[in-house]
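Biologist: I have a model open and would like to learn how to read it. Where do we begin?

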Amino acid sequence: MTIRVVLVDDHAVLRDGLKALFSGARDMEVVGEAGDGREAIRQILQLEPDVAVMDIAMPGLNGIEAVRAIREHGSKTRILMLSMHSTSEFVFRALEAGADGYVLKQCAGMEVVTAVRSVQAGRRYLSRAISKTDLAAAQDSAQASPLARLSTRESEVLQLVVEGKASAEIAGLLHLSPKSVDTYRNRVMKKLGTKDVTGLVKFALQHGLTTLD
């Protein structure tokens, strides 16, 4: 049986590399690509692939929130996170959102192929470099994180604000009024204890919600 795969990463070079890798596996076929979380949701719900390989730090909507949305839509697609973030908090947050596996980019190579086969078969896969002992203790770390204080909508607004989008643009993307966007932004600042957008940008970078790319 051919495993149908969708690739989700904002770097085209990485997607091309993964396509080349999967092309050498006779049991895999890349059926779609996306460069951000929102496009990933559309592709996965439309194509219903067996497995999606997804990055965390992406523009518009990060991978963890994209996974959460995909699960809320009832998709059965297996999701493998492929990320540069190795801390147990990131791994726990991804799995808690509904991911089926987690592979570190620096350890990728053929491990990604093995991981795709594993999650497609219904088994959780964690990169060999991830300590299961650390992961067992990660729940407390994730729950203590300031991110745990934010709702899904607040996280979406936070990411779009730190990417430099104006309230009107965010309102159009999220189907809200500009006034509602401002309310969400102020609420996020209060919860995170920041006074300006610079503080929000610093927080987002520290927690992998966005990158400097």
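Modeller: Begin with contacts, meaning heavy atoms within 4.5 Å. In the protein chain, 63% of the contacts with a separation of 6 or more join residues 24 or more positions apart. This is a predicted model: local features need pLDDT of at least 70, side-chain atom pairs need 80 or more, and totals for chains, interfaces and linings use all residues. Residues are numbered from 1 along each chain as its sequence is written, and side-chain values use heavy atoms, without hydrogens or water.

Biologist: How many helices and strands are there in the protein chain?

Modeller: Helices are DSSP runs of H or I, at least four residues; strands are runs of E, at least two; both are numbered from the N terminus. The protein chain has eleven helices and six strands.

Biologist: What share of the residues counts as buried?

Modeller: Buried means under 20% relative accessible area, with a 1.4 Å probe and protein chains only. Of the 213 residues, 48% qualify.

Biologist: Which residues of helix α2 are buried?

Modeller: Helix α2 spans residues 37–47. Its buried residues are Gly37, Arg38, Ala40, Ile41, Gln43 and Ile44.

Biologist: What covers the buried residues of α2?

Modeller: The cover includes strands β1 (3–8), β2 (28–34) and β3 (51–54). It also includes helices α3 (63–72), α8 (152–162) and α9 (167–174).

Biologist: And the two ends of α2?

Modeller: At the start, a side-chain oxygen of Asp36 comes within 3.0 Å of the backbone nitrogen of Arg38. After α2 comes Glu48, with a positive phi near 50 degrees.

Terms used:
Buried means under 20% relative accessible area, exposed over 50%, partly exposed in between (1.4 Å probe, protein chains only). A polar contact is a pair of N or O atoms within 3.5 Å; within protein, one must be able to donate a hydrogen and the other to accept it, and residues adjacent in sequence count only if both atoms are side-chain atoms.
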